[in-house]
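The points run from single residues to the chain as a whole.

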Amino acid sequence: MTVTHASFVTLPVTDQDRALRFYTEVLGFEIAADLHMPQGRWLQVAPKGAQTVFTLSGPGMGDFEPGSTRGIMLVTTDVDADCARLAEAGVSVHGPDDLPWGRMASFQDPDGNGLMLLTEAQG
């Protein structure tokens with residue numbers, strides 16, 4: 001096997017513009033692609049410098065159920081500050097909690113896709 005990284009993760013959404021605002025304005029991601037194709041809009045976002053991008057898949061772009069994605073782990077250097085920023089933006093956050101592998105919290109995007117924040121344990 002010669003796999004080097006994941007190209008993209010699909011996040012099914014009902015409203016791509018609303019999702020774009022959440023991922024760019026609340027999470028601070030950047031737009032990686034925004035193309036209009038015959039079957040729909042190809043919209044991708046990512047944290048600055050990330051190899052893997054998130055495709056905000058709207059109607060017509062596959063047989064995906066909005067809100068069905070779970071377990072997306074976002075690594076951060078300061079989970080507490082990020083949780084405070086999410087709460088200020090009106091996002092319901094669970095945690096952060098101390099776990100053997102680090103300090104972790106969970107939240108959902110506007111469509112109910114489940115994401116987590118992790119500050120990894122040192123050592």
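Which residues does aspartate 97 touch, not counting residues up to four places away in sequence? Aspartate 97 touches Gly102, Arg103 and Met104, where contact means heavy atoms within 4.5 Å.

1. Basis. This is a predicted model in which local features need pLDDT of at least 70 and side-chain atom pairs count only at pLDDT 80 or more, while totals for chains, interfaces and linings use all residues. Residues are numbered from 1 along each chain as its sequence is written, and side-chain values use heavy atoms, with hydrogens and water left out.

2. Strand E6. Aspartate 97 lies in strand E6, as does proline 96, the strand covering residues 93-99. Aspartate 97 is partly exposed, with a relative accessible area of 44%; buried means under 20%, exposed over 50% and partly exposed in between, using a 1.4 Å probe and protein chains only. Its C-alpha is 9.7 Å from that of aspartate 80, at 17 residues apart in sequence.

3. The cis bond. Glycine 95 and proline 96 are joined by a cis peptide bond with omega about 10°. As background, most peptide bonds are trans.

4. Order of elements. The protein chain has 2 helices and 8 strands; helices (H or I, at least four residues) and strands (E, at least two) are DSSP runs, numbered from the N terminus. Along the sequence the pattern reads β-α-β-β-β-β-α-β-β-β.

5. Nonpolar core. The largest nonpolar core has 23 residues, and those with the most contacts inside it are Tyr23, Leu27, Leu56, Leu74 and Phe107. Such a core is a set of buried Ala, Val, Leu, Ile, Met, Phe, Trp, Tyr and Cys residues joined through side-chain atoms within 4.5 Å. At least two of its residues come from each of H1 (16-26), E3 (40-46), E4 (53-57), E5 (72-75), H2 (79-88), E7 (102-108) and E8 (114-120). H1 gives the largest share, 5 residues. Leucine 27 touches Phe22, Leu86 and Phe107, not counting residues up to four places away in sequence.

6. Serine 57. This residue is in strand E4. Is serine 57 buried or exposed? Serine 57 is buried, because its relative accessible area is 7%. Neighbours within four places in sequence aside, serine 57 is in contact with Thr10, Leu11, Pro12, Val13, Gln16 and Phe64.

7. Aspartate 82. Helix H2 holds aspartate 82, which counts as partly exposed at 28% relative accessibility. Not counting residues up to four places away in sequence, aspartate 82 touches Thr76 and Leu117. The C-alpha atoms of aspartate 82 and leucine 118 are separated by 10.0 Å, and the two residues are 36 apart along the chain.

8. Overall dimensions. The C-alpha trace spans about 50 × 40 × 25 Å along its principal axes.

9. Of the 123 residues, 40% count as buried. Among contacts with a separation of 6 or more, residues 24 or more positions apart account for 52%.
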